[in-house]
Amino acid sequence: MARVLPWHLQERSQGHHRRQLPGRRSRLQNVHQPKWGIWGFPFLGARSPAHPRPALFSTFGSSEEVGWGLGLPHGPLGRPLAAESSERAKMAVGGCYFLPFLMLKSCWLQGSAGPSPDADPQQEYAHSIRLDGDIILGGLFPVHARGERGLPCGELKKEKGIQRLEAMLFAIDLVNKDPRLLPNVTLGARVLDTCSRDTHALEQSLTFVQALIEKDAGDVRCADGQTAVFAKTDKVAGVIGAAASSVSVMVANILRLFKIPQISYASTAPELSDNTRYDFFSRVVPPDSYQAQAMLDIVTAMGWNYVSTLASEGNYGESGVETFMQISRESGGVCIAQSLKIPREPKEGAFDQLLLRLLETPKARAVVTFANEDDIRRLLDAAQRNNLTGHFLWVGSDSWGAKISPVLHQEPAAQGAVTILPKRASVHAFDRYFKSRSLANNRRNVWFAEFWEENFGCKLGTHGKKTGAARKCTGLEKVGRDSAYEQEGKVQFVMDAVYAMAHALDRLHRRLCGGYAGVCPRMADVDGGELLAHVRAVNFNGSAGTPVTFNENGDAPGRYDIFQYQIDERSGPEYKVIGEWTNQLSLNMSALKFTSRESPGAPPPASRCSAPCGPGERKKVAKGAPCCWRCERCEGYRFLAGRDSCQPCPYGQRPDRNGSGCRPIPLVRLEWRSPWALVPVLIALMGICATASVAATFVRHNDTPIVRASGREMSYVLLTGIFLCYAATFPMVAPPGVAVCSLRRVFLGLGMCLSYAALLTKTNRIHRIFARGKTSAAAPRLISPASQLLVTASLVGVQLLGLSAWFAARPPRALVDYGERRTPDPRLARGVLKCDVSDLELICSLAYSMALMVTCTVYAVKTRGVPETFNEAKPIGFTMYTTCIIWLAFIPIFFGAARSAERTYIQTATLTVSLSLSASVSLGMLYVPKVYVIIFHPERNVVKRKPSFKAVVTAAAATGKLSQLAAGRPNGQAKTELCAAVEAVVLPTNTVYVSYANHDI
């Protein structure tokens, strides 16, 4: 009887099949030594008698059978070289020459050990699930954990394995019952166990492509010359899976060669988003690029900037950490203290060594993990064993999520862990379905008996796999009643993946078959590329009511729930939702709880290399450690620009209270209520009142002898100058502006110029009259009132001319002087609002008036010998002497205050008081005596006798002689000698005011 040749030697040739003749046994004809193929795998011929070939496998059970089935080379004892097979399998995955590897298999040899010809055909599927259907979907699930000590598979995974597998079977049942989705078309399945290992999954996934290999047995002969017999295989339209990213990467490289669409329910590695390399790969979960951004946002929200990373070796862990580190570098807010990797095959004590390395940076308490479930469990166990509970702040990826198995029996070590999981919702229909599963109604799941033993802690007869069980299973146990049950987090996504494939097939069926009932001939061979286009175009609400869509790279949108594992003294340990992430983080900080003793909402523990700098302090980053720094304050008028640099504030600004920016320096000016303004204003008001009173008295007694003798015209001019000197105080104190600054310039020099021009005209006239009297009896020129006014106007005109030039050269304006009160402490700095007048300009404005004052003083000295009964020479002299003293005192006070913080106030007060005092001296010495006589002694304000100009000149000459004699005679002697000469001219003893101002010359 002919043997059935396994699938790897079946070949389709030129669109037709070669049929096997019954009753013939197949042997390889040409016997050769093994020849190595293009990918390092041997072309298998028959073995020599010295090395007989072992039987090949017909099932997918053990690693040895898989080794032989792949045609791997063997050692001297006929043992498969597993290490070489693993590496060469990886090499074969990525290339387009993978087909020779699939074709180069052997048939059974006559007389070799192997299954009998009468073996059950289902024996080939003893370690896989096969459901018949019109269209077959493949499935890859981690039913078992990774094996240890060389074994491919380990313990059963109840949640990630069995529940997810049952979710696929349940979804297929729902699709087959739905009359609107794939009507009259039945979905079947071929489900394989990846054993949580990428190399094992690669070997298993070859099942999905066997029907697509071109089989031609023309060149294949068995040893006895018989033609090979090909077993019928199922063609897989699409694959659901895998779970681990490393497994999906391996499988995706194979499936893309045969254009088989693949939809993963849990693989999140960012590299799978590369549509040029994994063009037939899609997933209903978001990639780790979204997850990494969400985890970075969590770390930032916690205030952590110094963290370590921990990744399981493989695509998922390494790609996730790499993405996290890249995003953190781009954002610049988080530094990586250490980046450690968990070996694929960790040795004993490896996790203890990892924790010791993490402790080398004790300030980096936060640890971002992209590790698989098994590694997380071992990591937490090592932390608890080494008394490190509570030290590390775990931030777990979706492989941790809200799973119970990683934290079971090591809850204290996991307390406070913040984990992330794609946003999901429980599928209640699946809960009812799974709880109803039993040994009697779930024979299609070949691993369900093993799950039953593991779940209920019992043993199924003598053939059960559970060792050391205390009791036997009755078969009447019930999930959820006799054992704990919680829906696994990826159940929803498994069902969504099945439904996404079903919707794509339904769209393809409607397009190709129209209203045809069942699978039409055009759909007998599903075109993978066309099906992929329909997969990427699906848009429907998934099993939990959330939308299922794919982008151009086959990725689902990023939506995550944020959990924290908390231990409550009343409710016990549990995962609590503390936020969500949908393009941006929304975190409930008040729900955080890192220890069972603290109340929710307490600040998170620190994970920082250095404490944050205070306001206005810059970071002096340590070399080679960007997150470690010392704080330095920005001194003076510098503010914190960025994180680690201080820059000066713009002119006119100072650092704000926090030192993080600049704000305008406050403005000050001389306020009316300031003592520096109140005193000058009070003096000016009193002076203006006094001036107004004198002017009113003179106007009222305008024709009296005293007023006439004083020279009415020049007296009023002098009073006007005195008034302007007093009035200058007000624009000097008023808020600076264009108008105020203009008045300051005008009043400042004009009042003094008008006053001293009038006094100078008077003293000059007196001097000329008495000087002329010594030599001639003729009157000097220009002594009439009109002449005096003309001379005074000429003197004032010079001041006005200079003032006009000043206005033209520098128009008046107000400005803010920030340099005057720029103190070392920026908090005390002030900008002074004042007129744009420099000290030099101020002195130049007063210089002409002071020149008039000095000239007037000189004439006052020259006329000091004139009798007071004839003129005002002596009062004018005393006035000028006092005025000079006032202004001599003004100069050191004014310029001495230049470096004072109160410079503007002192200088303004000094200037205004000096002006007022000068005006007061003139008013008091020249006008008060006359007003006193006019008001209190009107009897003296009468005309006694009007002397002739000759008498005045004679008196002046006599006074001159008296002065000459007085220089060489004792006191009184000269006067006695001249008494006779003077008696004829001198008036009676009572004071008589003689007017010499109105003589016609």
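Colleague: Which residue in β31 does alanine 814 stand opposite?

Modeller: Alanine 814 stands opposite cysteine 835. Before we go on, this is a predicted model, where local features need pLDDT of at least 70 and side-chain atom pairs count only at pLDDT 80 or more, while totals for chains, interfaces and linings use all residues. Residues are numbered from 1 along each chain as its sequence is written, and side-chain values use heavy atoms, leaving out hydrogens and water.

Colleague: What makes β30 and strand β31 a pair?

Modeller: Strands are DSSP runs of E with at least two residues, helices are runs of H or I with at least four, and both are numbered from the N terminus. Two strands pair if DSSP finds at least two bridges between them. β30 and β31 (residues 830-835) have five bridges, in the antiparallel sense, so they count as a pair.

Colleague: Why do β29 and β30 stand at the edges of their sheet?

Modeller: The sheet is open, with three strands in the order β29-β31-β30 and mixed pairing. β29 (667-668) and β30 (814-821) each have a single partner strand, so one side of each is left without a neighbour in the sheet.

Colleague: Why is aspartate 836 called buried, and what is arginine 810 called?

Modeller: Buried means under 20% relative accessible area, exposed over 50%, and partly exposed in between, with a 1.4 Å probe and protein chains only. Aspartate 836 has 12%, so it counts as buried. Arginine 810 has 31%, so that residue counts as partly exposed.

Colleague: How many salt bridges does the structure hold?

Modeller: There are 33. One of them joins aspartate 173 and arginine 444, whose closest N and O atoms are 2.7 Å apart. That pair links distant parts of the chain, 271 residues apart: aspartate 173 is in helix α4 (residues 158-177), and arginine 444 is in the loop between α12 (428-435) and α13 (448-456). Arginine 444 counts as partly exposed because its relative accessibility is 24%.

Colleague: How do you know that strand β20 is largely enclosed?

Modeller: Nine of the nine residues of β20 (residues 560-568) are buried, so the rest of the structure largely encloses the strand. In a regular strand the side chains alternate between the two faces of the sheet. In β20, Tyr560, Ile562, Gln564, Gln566 and Asp568 point one way, while Asp561, Phe563, Tyr565 and Ile567 point the other way.

Colleague: Which strands does β20 join by bridges?

Modeller: Strand β17 (residues 418-422) is joined to β20 by five bridges, with valine 418 opposite glutamine 564. Strand β21 (residues 572-581) is joined to β20 by nine, and a hairpin of three residues leads from β20 to β21. Both pairings run antiparallel.

Colleague: Why is the pair of tryptophan 887 and phenylalanine 890 called edge-to-face?

Modeller: A search of the whole structure finds 21 aromatic pairs. In this one, the ring centres are 5.0 Å apart and the planes stand at 75 degrees. Rings of Phe, Tyr and Trp (its six-membered ring) pair if their centres lie within 6.5 Å; planes under 30 degrees apart are stacked, over 60 edge-to-face and the rest tilted. So 75 degrees makes the pair edge-to-face. Both residues lie in helix α23, three residues apart, about one turn of the helix. Tryptophan 887, at 2% relative accessibility, counts as buried, and phenylalanine 890, at 1%, is buried as well.

Technical notes
A salt bridge is a side-chain nitrogen of Lys or Arg within 4 Å of a carboxyl oxygen of Asp or Glu.
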